[in-house]
Amino acid sequence: MAAGLYSYRASVAADSNYNAAGPADCEPLTVDKAQLTVTTTIHKADHTVVPNDGHVALGTVTHDNADVTGEVAGFPIGAISFTLNAAGIANGSTEAGFDATSVSSAALAAGNYAYNATVAGNDNYLGDTSDQEPFVVDKAQLTVTTEVHDAQDVDITNDMVYQGSIVHDTASVSGGVDGFTVPPPTFTLTSPYV
């Protein structure tokens, strides 16, 4: 029976030996809505799990997966939807083993993020929203290496030079992540050596 209000009432028809009886008093009953529960699992693009409060690298692409329990056979559940940092995101192709999957995020900048999922209620079910799934995208570590060059652009790093020499410093930065601009290096010249 679907959720709702129902009642039974019985009666007996007359025949050649008996008078009719009833109808009896109404017997009301209520079929309650079933409570759905939605749980979620964040995956990286390679489908490895991102745990709650987990840390991922700058530029990681993620998606969320939802499992719904409490469904009663023969009664379809409501729609499943997702949010990332409280903003609605679309559903994508459902990953095997789950009831719904969000679209993939863009490559994520450093910061704090949280997914959650909601299964809507309907005539037969009470809906549910999952707990927040927080995670952190860490800043990437840059490394800067330098070389001192003379006026002819020859590397003289750690060499002795004569007073009056013209020199400049060069810098190479590694550790950048595609899609995220690396800040330009800046230089200082100090005397005495520090």
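The backbone nitrogen of Gln152 lies 2.9 Å from a polar atom of the side chain of Asp150, where a polar contact is a pair of N or O atoms within 3.5 Å, one able to donate a hydrogen and the other to accept it within protein, with residues adjacent in sequence counted only if both atoms are side-chain atoms. The model is predicted, so that local features need pLDDT of at least 70 and side-chain atom pairs count only at pLDDT 80 or more, whereas totals for chains, interfaces and linings use all residues. Residues are numbered from 1 along each chain as its sequence is written, and side-chain values use heavy atoms, with hydrogens and water left out.

Asp150 belongs to strand β15, strands being DSSP runs of E of at least two residues, numbered from the N terminus. Asp150 is buried but has no salt bridge, and the nearest side chain of opposite charge, that of Lys139, is 36 Å away; buried denotes under 20% relative accessible area, exposed over 50%, and partly exposed in between, with a 1.4 Å probe and protein chains only. A salt bridge requires a side-chain nitrogen of Lys or Arg within 4 Å of a carboxyl oxygen of Asp or Glu, and in assigning charge Lys and Arg count as positive, Asp and Glu as negative, while His and the chain ends are not counted.

Strand β15 (residues 143-150) also holds Val144, which is exposed at a relative accessible area of 52%.

In strand β14 (residues 133-137), Glu133, Phe135 and Val137 make up a covered face, while Pro134 and Val136 make up an uncovered one. Strand β6 (residues 54-56) pairs with β14 in the parallel sense over three bridges, pairing being assigned if DSSP finds at least two bridges between two strands, and Gly54 has Phe135 as its bridge partner in β14. Strand β11 (residues 111-119) runs antiparallel to β14 and is joined to it by five bridges, with Asn112 opposite Val136.

Elsewhere, an open antiparallel sheet consists of four strands in the order β5-β4-β7-β10.
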